[in-house]
Amino acid sequence: MNPDPESFLPLQPAVFHILIALADRDRHGYSIMQDVAARTDGKVQLSPGTLYSSIRRMLEQGLIQELSVSPDPTSTDERRRYYRLTKFGRRVAAAEAERLNSLLSQARATGLVAGM
Amino acid sequence: MQPTAIYRALLWCYPAEFREEYGREMAIAFAEQLTEARQARNRSREAFVWLHAAADIVTVAPKEHCHVILHDIRYALRAMASQPAFTAVAILSLALGIGANTALFSLWNGVLRVWLPVRAPEQLVMLTDPDASGVSIGSQNGQRSLLTYAEFEQLRDHAPAFSGLMASQSSLDRWQVRVQGSESEQAHGRLVTARYFDVLGVTPVLGRTFDASGDHTESGHIVISYPYWQRRFGGRADVLGKTITIRKATLSIIGVTPPGFYGETSGQQPDFWAPLRMQPHLIPGRDWLHDTGHDKVMWLHVFGRLRPGVQLAQAQSMAHSVFKSGLETYYGTVSDQRRREFLNQSLLVRPAAGGASQVRRSFSNPLQMLLGAVGVVLLIACANLANLLLARGTARRREIALRLSLGATRSRLVRQLLTESLVLAAAGGVAGLAAAYAFQRGLVWMIRQSDSNFQMRFQLDFAVLAFSVLATVTAAILFGLLPAWAVTKADAGESLKERSQSAPAGQLRWGRLLVVVQLALSVPLLVGAGLLLRTLYNLRNADLGYAREQLIVVRVDAQSAGYDMPRREPLFRELQEKMRRIHGVLASSYSENGLFSGRDSGDEIEVEGYTRTGKNDQGSRWDQVGPGYFSTVGVPILHGREIVESDSAGAPYVCVINEAFAKRFFAGRNPIGKRITTVYGDKRTTHYVAGVAANARTHQLRGEVPPRYFVPLTQPLAEFDGVVFSIRAAGDVAPVLSAVQKAVRLQDAALPVLSAQLLEERLATRMAQDRIMATLALAFGIVALVLVAIGLYGVLAYSIARRQSEIGIRIALGAYPGRVVRMILAETSTLILGGLMIGGFLAIAASRLITSQLYGLAPHDPLSLSAALAIVVTVAVAASYLPARRASRLDPMSALRQD
């Protein structure tokens, strides 16, 4: 049985970015780096060290899993290792998003930031 | 060099596991990042990629290492918990080994290395000999050990090299004191000059210390130590103003020193410090503040701080010239030749960060030896643990083989196994610190048997902590590396195929080698213990030249009871008569210095018919004795007669010489009737030799008996303040001892009896250090033997387990049990013989180191060596016999089924 997702919060920014990158499809490491950079307009650039250290930890925690076969049949590069978000990983990512959302609401309520 | 090649090189900073798992992916990601940046022709982005890769090395790589280490530690803890018996044995033996080492190191550190707990101790210098203590009356040639108060005053007032100079009583005395509103009790105290605390840079925790100007007037103040304040006054603040009466002075408490401060002498904790100017009231009947006549009273240590910019050599020459000119003025009136002799003195200024110490010199050598011995015990314990781990590794071979076949590298497994050893050693080290605390207290207690003033607390300072951490890590590597290396060497496939749990030959070979090492190391320990035990036996049975049993020694001080010189000798004669009448007393007499009292006298002499040849035959030791002294103590007179009652002040001056004196100064001549002239300054006293006594040990147990001559107290060579009575008792000595003390009290209640004990008790104190050494060496030897027995038993048990089928076949083919036992013992004998031979050489090489501690035997004592070897053989054979016998009773069928 997986532990309570709340016990993982707050997530480290790199971990949360990786979870978001894997939310819509399975990706290999470099694809995760590209996706994170694209979504943040290049403001967040994961380094290989940070990426794979996080992946190692997330695999141990059961947030993601490694795929045994490549999900992209067109890919000729068999060296690539692909990762997929687990159900539990999805719950943890949702819990983190909820936490950030609640924080944002509080900031809005006190007039710290403008409402949408 | 290609960028990816550089990146791959950087990957070596990550743990091997991580690198093997993700290194390839990381290198691809890095290469793609770099290609993208280059295609965009964006230089800064390219630099950014490199910067990130470098930053990963300092941020991500250490984190990954921590992750692996934590993982290994968790694994190690689980492994330890799964084998509680092994873990307990390992931790216990390590705790004992590391604890004993740490305790001895802490003591060694405290006695020999520690700096005084004062401000900037490295700036302190000492003008006296740090090892000297006591009171020396007369004059001294060569380098001065202690100084007189007058000499201190001259240096204080005329040597500008020092920013401050202070003096302290060199011995820590036990005083009879009366705290305001309480009964009389004992306390340890020291007399010091006014700037004592100021020069040491000590700020009181309560109240104040002495006025810096107080050396010129008598002051009725006293400063107490923190432990005394806590112990005697419960740490109350109203202690200030309370009075303490010591002999003829009543002093009021003005301050309390900070915790941890013990003064200028390491190993001693005074209860109080009293002003030195009060000496005439605190030690009545003596003037130790002024130099009068030719006799200087040298009793002080002098410490100073150098003025900024002044070098040690400058201070040395300045202090020496002040000292020298003081001597020249002082001895100005004596004849030229005498003056030259008196002036042959020098002063040495030396760094004094460690302060004075009474135990440093005498314990330095023994402590270093014991530290070496206890280190060997730890080595043996490590060899034992290595053997246990090898055996355990055998049990874990399948697990290790499985991990190897699943792709774990050997270095990864070695790292894992070494982490287990480190965790085990760390647990042992922590337990060892607790053990060290207990051991150190035991050691201090043992030292106090020979020096009752000795005090030292166990302090976990940086040096002690560093030592124990070092000992722990060294132990872990020593006992962990070999098994880790050996058990991971096995071929994975072979081990997995093996069904039995037996050890492979390679590991057994290592196990045997470790046993040989253990055997070899235990031999020098046991030989050392044997030598020291024989030394103790020899000392206990040393021929003193008289019977040591039932001899009571009692020191009576007439001077402090107010007796002037002419009344002292008659007082002692009267007391002698009274003691002789006590029931159970066979004989009674007295001498100024007594037996093994620590006091001695010596002077320059001229012997009739003897021409001096060198420097060593200019003087002799002497003593002043009462009538019947030799017959009372039991020293035979070889020629002539002993000192008798008719040798009065008016009779011709006579003396008795010992054999050593006769041999050196009268070689071959008849000494009876010859003149011996004692020269001291311009004073010359001549005695005629009336008798020759046999050599007797009265001062030292070791070494040659030096030449000595004895004059009647009625015809003295120098003034005396008291004497030591020697009383020969018959039957039970306890009632005699109390009757003697009562007789002194009845004579004059004011007469202080400074010590009253059996000579045997006094000698036991003298031998305490030898006893400590012998006891500890024996303890270490026994521990080493037990460890060796365990090691040998373990290795044999495993080797037999491995050969069960072979032994089973032999028994099935009709081998008798006795033959199986003999076969195994014969194989073991190679180990034992190898260990003994190496051990014998080690012992012979090491015994040279303890020569100075021995008495009455040579370091290559064949008895000690053969006894040690015999003991090791007996224990080793006994430890081998048990598994051998078990093997001989194997059921052949079940043994064959095993494999």
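Chain A and chain B of this predicted model bury about 1,900 Å² between them, 50% of it on carbon and sulfur atoms, where buried area is the accessible area, taken with a 1.4 Å probe, that two parts lose on being put together, summed over both. The contact involves 19 residues of chain A and 20 residues of chain B, contact being defined as heavy atoms within 4.5 Å. Local features need pLDDT of at least 70 and side-chain atom pairs count only at pLDDT 80 or more, whereas totals for chains, interfaces and linings use all residues. Residues are numbered from 1 along each chain as its sequence is written, chains are lettered from A and ligands numbered from 1 in the order in which they are written, and side-chain values use heavy atoms, with hydrogens and water left out.

Across the interface of chain A and chain B, 3 salt bridges are found, the criterion being a side-chain nitrogen of Lys or Arg within 4 Å of a carboxyl oxygen of Asp or Glu. In the salt bridge of Glu32(B) with Arg80(A), the closest N and O atoms are 2.3 Å apart. On the side of chain A that touches chain B, helix H2 (29–39) and helix H3 (48–61) of chain A each supply at least two residues, helices being DSSP runs (H or I) of at least four residues, numbered from the N terminus. The largest share of this side, 9 residues, comes from H3(A).

Elsewhere, Leu422(B), Leu465(B), Val469(B), Val473(B), Ile477(B) and Leu481(B) make a nonpolar surface patch of about 450 Å²; such patches consist of residues with over 30% relative accessible area and no salt bridge, nonpolar side chains (Val, Leu, Ile, Met, Phe, Trp, Tyr) being joined within 5 Å. Helix H14 (residues 462–487) of chain B provides the largest share of the patch, 5 residues, and Val469(B) is found in this helix.

Two backbone features were noted in chain A. A cis peptide bond, with omega about -10 degrees, joins Leu9(A) and Pro10(A), and Pro10(A) is placed in the segment before helix H1 (13–21) of chain A. Asp41(A), in the loop between H2 and H3 of chain A, has a phi near 55 degrees, a positive value in a residue other than glycine.

Notes
Patches are made of residues with over 30% relative accessible area and no salt bridge: like charges are joined within 9 Å, nonpolar side chains (Val, Leu, Ile, Met, Phe, Trp, Tyr) within 5 Å. Accessible areas come from the Shrake-Rupley method with a 1.4 Å probe; for residues, only the protein chains shown count as cover.
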